[in-house]
Amino acid sequence: MAIRMPHIIQARKILKRSLSYGSTTPTSMDIPKGYFALYVGEQEKKQFVVSVSLLSEPTFQELLHQAEEEFGYNHPMGGLTIPCSEDVFTNLASRLGAF
């Protein structure tokens with residue numbers, strides 16, 4: 001019996017597409033397996049490294065949809081960029097156990 005999770009699959013596709021536009025940098029090599037880097041902020045962007053388990057969370061999936069609407073798949077920072085304030089993201093991520 002297969003379990004279908006279309007939102008997780010869609011979130012992974014968005015993440016793969018957005019990361020494929022970025023270039024490989026030395027800092028991207030330092031990210032541990034099972035985690036990914038993303039940029040958060042409204043004006044200045046700050047990099048966060050969070051667990052891939054975050055991709056299965058509906059609230060994070062909503063942030064991915066907002067990022068897709070605002071930036072498409074060509075993110076200005078070269079990686080996934082989340083269009084919300086740093087405080088909102090850190091609050092959400094800590095409640096979801098992403099750090």
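This is a predicted model: local features need pLDDT of at least 70, side-chain atom pairs count only at pLDDT 80 or more; totals for chains, interfaces and linings use all residues.
Two strands count as paired if DSSP finds at least two bridges between them. Strand 1 and strand 2 are joined by six bridges, and they run antiparallel.

Start with the overall plan. The protein chain holds four helices and three strands. Read from the N terminus, its elements follow the order α-α-β-β-α-β-α. The chain has 99 residues, and 33% of them are buried. Among contacts with a separation of 6 or more, 56% link residues 24 or more positions apart.

How far can the model be trusted? The mean pLDDT of the protein chain is 75. Of its residues, 65% reach 70 or more. One stretch needs caution: over residues 17–26, pLDDT stays under 50. For that stretch the model has 15 contacts beyond four places in sequence.

Now turn to the sheet. Strands of a sheet pair through backbone hydrogen bonds, either parallel or antiparallel. Here three strands form an open sheet with mixed pairing, in the order 2-1-3. Strand 2 and strand 3 (81–82) stand at the edges. Each has a single partner strand, so one side of each lacks a neighbour in the sheet. Helix 4 packs on this sheet, where it touches strand 1 and strand 2. The direction of helix 4 makes about 15 degrees with that of strand 2.

Tyr35 stands opposite Ser51 in strand 2. Phe36 has Val50 of strand 2 as its bridge partner. Five residues lie between the strands of the hairpin. In this hairpin, Gly41 takes a positive phi near 145 degrees.

The largest nonpolar core has 18 residues. Leu38, Val50, Phe60, Ile82 and Phe89 have the most contacts inside it. Which elements each supply at least two residues of this core? They are strand 1 (35–40), strand 2 (46–51), helix 3 (58–71) and helix 4 (86–96). Helix 3 gives the largest share, four residues.

Leu38 shows how these parts meet. Leave aside its neighbours within four places in sequence. Leu38 is then in contact with Lys46, Gln47, Phe48, Val50, Phe60, Leu80, Ile82 and Phe89. Of these, Val50, Phe60, Ile82 and Phe89 are named with Leu38 among the core residues with the most contacts.

Is Leu64 buried or exposed? Its relative accessible area is 1%, so Leu64 is buried, since the cut-off for buried is under 20%. Leu64 and Thr81 are 17 residues apart in sequence. Their C-alpha atoms are 8.7 Å apart in space.

Finish with the aromatic rings. A pair of aromatic rings is described by the distance of the centres and the angle of the planes. The model has two aromatic pairs. One of them joins Phe48 and Phe89, with ring centres 5.2 Å apart and planes at 55 degrees. This pair is tilted, because planes over 60 degrees apart would count as edge-to-face and planes under 30 as stacked. Phe48 lies in strand 2 and Phe89 in helix 4. The pair therefore ties together parts that are 41 residues apart in sequence. Both partners are out of the open: Phe48 counts as buried at 9% relative accessibility, and Phe89 is buried with a relative accessible area of 1%.

Notes:
Residues are numbered from 1 along each chain as its sequence is written. Side-chain values use heavy atoms; hydrogens and water are left out. A nonpolar core is a set of buried Ala, Val, Leu, Ile, Met, Phe, Trp, Tyr and Cys residues joined through side-chain atoms within 4.5 Å. Buried means under 20% relative accessible area, exposed over 50%, partly exposed in between (1.4 Å probe, protein chains only). Contact means heavy atoms within 4.5 Å. Rings of Phe, Tyr and Trp (its six-membered ring) pair if their centres lie within 6.5 Å; planes under 30 degrees apart count as stacked, over 60 as edge-to-face and the rest as tilted. pLDDT is the predictor's confidence in each residue, from 0 to 100. Axes are lines fitted to C-alpha atoms, for helices over the stretch in contact, and angles run from 0 to 180 degrees between N-to-C directions.
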